[in-house]
Amino acid sequence: MEPSRKQRWQQLQSAFEPGFRQMLLVSLLLHLLLPILSYIPFLSQQAIEKPPVYRVNLVNKIVKNPQAGRPEAVPAKKKSVAKSKPKRKSKPKPAVKPKPLPPKPKPKKVKPKPAAKKKPVKKKPQPKPAVSKTQENNLQKRLEQMRAKQQKKASEQARKDRIAALKAAALAESSKVRSPISAAPVGMADGSGNEAGVSAIAFVQEFIQQQWSLSKYQVIGSPEAEVKLVYNAEGTLLHYKFLKKSGNAIFDESLTRAIAKSKQLPQVLPESMSFEIVFNLKDMLGKP
Amino acid sequence: MNFLKISCLCLMLVGLFGSAAIAARIEISAPGEQTIPLAITSLLPMGVGATYPAVAAEFQQVLQDDLELSGLFDLVDPGAFLSDAGRLGLRRNEIDFYQWRMLGAEALIKGGYSVTAGKLTIDLRLFDVITQRLLTGRRYSGRLKDVRKIAHTFADQILKSLTGEKGPFSTKIAYISKRTGHKELYLMDVDGHNPIRMTNQRSIVLNPDFSPNRKELIYTSYKKGNPDLYRKEIYTGRESRLSLRPGLNIGGRYSPDGREIALTLSKDKNSEIYLLGTDGTIHRRLTNHYSIDVDPSWSPKGNKIAFVSDRRGNPNVFIVDIYSLEVTRLTFEGKYNATPAWSPRGGRIAYSRLDDGIFNIFTIREDGTDERQLTFGLGNKEHPRWSPDGRFLVYSNDLGGKGKSIWIMRADGTGAKRISARGSDDSHPAWSHRW
């Protein structure tokens with residue numbers, strides 16, 4: 001007679017070590033806990049505010065939009081984003097016209113009138129003993145305050161209008177800039193969106209290259225070496241390893257010096273990164 | 001069960017703390033800095049005794065000139081030196097490397113000197129600032145007048161430490177000078193100092209060449225009326241005639257092993273290239289053509305000779321295999337190509353070419369490719385010869401008719417500078433081997 005499902009399960013259970021079920025449960029719970037933990041704000045990486053990064057690369061020139069590259073290429077790629085911005089900026093455009101300070105005289109007209117009228121009016125309330133002199137003074141003070149506020153507002157508005165107009169003019173000017181080569185490649189090969197500066201990889205490449213000093217008179221032939229460098233997110237070199245030595249002691253020694261100089265990057269990295277760097281002299285100028 | 005628990009725990013830990021590092025592959029195809037930032041401190045007096053600031057200054061100048069000529073270094077401005085430069089610390093732990101690193105130096109030379117009873121002792125060290133290692137250190141002793149020689153020798157040592165091959169700064173250059181009114185043979189240091197007259201024949205001396213393994217020179221002289229080949233021992237001054245055949249006995253060049261001499265002879269009314277033994281006997285005739293064949297130069301392996309021939313019209317450089325006697329043409333451009341010199345490193349041949357009425361120095365690969373012009377501008381640049389390490393070339397330059405002088409430059413044509421005095425009509429330089 002075949003054992004029932006319950007009997008089979010009991011047999012299977014007896015085959016497990018005691019406590020296996022509890023362990024399985026704990027493991028399952030912990031696995032479920034992982035995604036929850038990753039969404040908790042103090043543990044998520046997104047919550048960390050990164051300082052602004054400014055990198056200078058004279059070869060891969062910095063562009064505001066590495067993905068877009070040429071100024072005229074920007075609206076083509078991100079129309080939805082780009083449109084909303086000019087709209088906001090287009091609003092101030094009409095505000096440029098009121099800029100010749102017409103709002104200023106308007107409040108001025110209003111202000112002197114009540115001030116001037118109130119003085120003669122002062123005589124009128126005389127028959128009304130309900131309004132005392134102190135009340136009058138208070139009123140006047142209030143009016144003066146209001147006037148000052150209005151003046152401030154008006155001048156601020158005028159300043160804002162002027163700035164907006166200048167911005168709009170600058171935008172219009174920049175949109176006129178055209179790449180001399182219409183078919184020029186757009187953006188950087190490793191650009192990744194709206195970031196100011198080159199990519200972290202390009203930055204590390206340039207930094208390590210700058211630390212590497214070797215004269216063309218030191219080495220004969222075409223040596224090549226490969227080194228693996230591991231950096232943490234703070235830009236500190238954790239360890240390095242020669243994957244392939246060149247066989248030229250002078251060349252390899254120069255690389256060791258360059259690595260020693262690159263122990264700490266002057267910028268943080270987006271995350272821990274490892275680099276497999278091939279060093280050679282293909283582009284060394286004037287190498288005999 | 002334990003195994004299962006541990007593996008689960010490990011998985012969890014990896015999931016929690018292990019952030020996968022991004023791997024990127026990069027190629028860096030040239031160093032960012034193509035010179036080594038070097039700081040040379042002044043020699044400081046060691047111990048108690050009289051100080052000789054002039055000795056220290058001369059030493060520093062000579063060393064600096066040699067290292068600048070090498071093209072390897074970018075010297076750190078001494079005006080920027082900090083307190084460590086004023087301390088005589090020749091040991092690693094006595095040096096504040098941080099100061100030197102702040103100045104951007106990657107290599108540091110420190111040294112001290114002492115003079116006791118006219119005997120000069122100089123202690124020198126070369127440090128790697130980045131790794132804080134001692135790269136090389138030497139102690140030299142000599143007389144006060146040996147300070148230049150010590151500086152040249154240490155410059156050679158620095159190059160050996162940083163390139164794996166010694167420099168040529170402590171070698172000599174032979175040349176022909178007319179400063180006495182006659183063309184005589186002279187010897188000088190690589191920087192043009194200490195010129196010594198080697199001959200006093202009141203005649204015409206030409207085309208000197210050094211023996212690779214003995215301290216002697218060969219040259220052609222008209223002392224007896226005919227252009228004969230002479231040999232002279234440098235230290236004893238003993239002189240003998242090696243080849244006195246009728247006609248030309250010119251352009252003698254020692255083979256790399258020093259056992260034979262390639263020479264142009266015109267004993268049969270036409271100039272041809274021959275191989276002679278060091279006793280002057282003819283071993284072999286290398287060329288046999290009705291045209292003019294002159295200016296032999298050995299390949300570093302000693303199996304080929306470059307020479308000049310007009311067998312195809314204009315004088316051009318040809319190469320003859322000394323075993324098969326097969327001749328191949330090397331240069332095709334220019335109206336007049338002359339005085340080839342094979343690099344001791346192999347690979348390239350230097351020669352002078354006449355273009356637009358001016359001789360300039362060119363180099364070309366042994367296979368006739370990659371021809372490069374090294375010199376430009378006014379003046380005939382002729383008679384190029386390589387330094388024993390193949391790093392530099394020495395040649396004569398007449399500066400557009402202002403009188404010939406000896407110049408030196410790097411093998412790529414950079415760093416050219418005059419080393420012999422102007423107005424003495426110096427020509428036909430030859431660089432000695434190391435001794």
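The structure is a predicted model, in which local features need pLDDT of at least 70 and side-chain atom pairs count only at pLDDT 80 or more, whereas totals for chains, interfaces and linings use all residues. Residues are numbered from 1 along each chain as its sequence is written, while chains are lettered from A and ligands numbered from 1 in the order in which they are written.

Where pLDDT is low, the predicted coordinates should not be read in detail.

The secondary structure of chain A consists of ten helices and three strands, where helices (H or I, at least four residues) and strands (E, at least two) are DSSP runs numbered from the N terminus. Along the sequence these elements of chain A follow the pattern α-α-α-α-α-α-α-α-α-β-β-α-β. Chain B, by contrast, has four helices and 31 strands, and its C-alpha trace spans about 100 × 65 × 40 Å along the principal axes. A residue is termed buried if 20 or more other C-beta atoms lie within 10 Å of its own, exposed if 12 or fewer, and partly exposed in between, with C-beta atoms placed from the backbone. On this basis 17% of the 288 residues of chain A count as buried, and for chain B the figure is 43% of 435 residues. Among contacts with a separation of 6 or more, residues 24 or more positions apart account for 77% in chain A and for 42% in chain B.

The contact between the two chains takes 41 residues from chain A and 35 residues from chain B. On the chain A side, two or more residues are given by each of α2 (20-39), α9 (200-211), α10 (249-261) and β3 (273-280), and the largest share, eight residues, comes from β3(A). By class, this side of chain A divides into 21 nonpolar, twelve polar and eight charged residues, with Ala, Val, Leu, Ile, Met, Phe, Trp, Tyr, Cys and Pro counted as nonpolar, Asp, Glu, Lys and Arg as charged, and the others, Gly among them, as polar.

Chain B is divided into domain 1 (36-163) and domain 2 (172-431), with bounds that come from an automatic or database domain assignment. The C-alpha centres of these two domains of chain B lie 37 Å apart, and their contact takes six residues from domain 1 and seven residues from domain 2. On the domain 1 side of chain B, α2 (53-70) and α4 (147-163) each supply at least two residues, and α2(B) gives the most, with three residues. That side of domain 1 of chain B has two nonpolar, two polar and two charged residues.

In chain B, four strands form an open antiparallel sheet in the order β27-β28-β29-β30, strands being taken to pair if DSSP finds at least two bridges between them. The edge strands, each pairing on one side only, are β27 (381-386) and β30 (417-418) of chain B. Between β28 (residues 392-397) and β29 (residues 405-410) of chain B the antiparallel pairing runs over six bridges, and Val394(B) has Ile408(B) as its bridge partner in β29(B).

Strand β19 (residues 293-298) of chain B is largely enclosed by the rest of the structure, because six of its six residues are buried. This strand, β19(B), pairs with β20 (residues 304-309) of chain B in the antiparallel sense over four bridges, with Asp293(B) opposite Ser309(B). The hairpin of β19(B) and β20(B) has five residues between the strands, and Gly302(B) in this hairpin takes a positive phi near 80°.

Most residues other than glycine have a negative phi.
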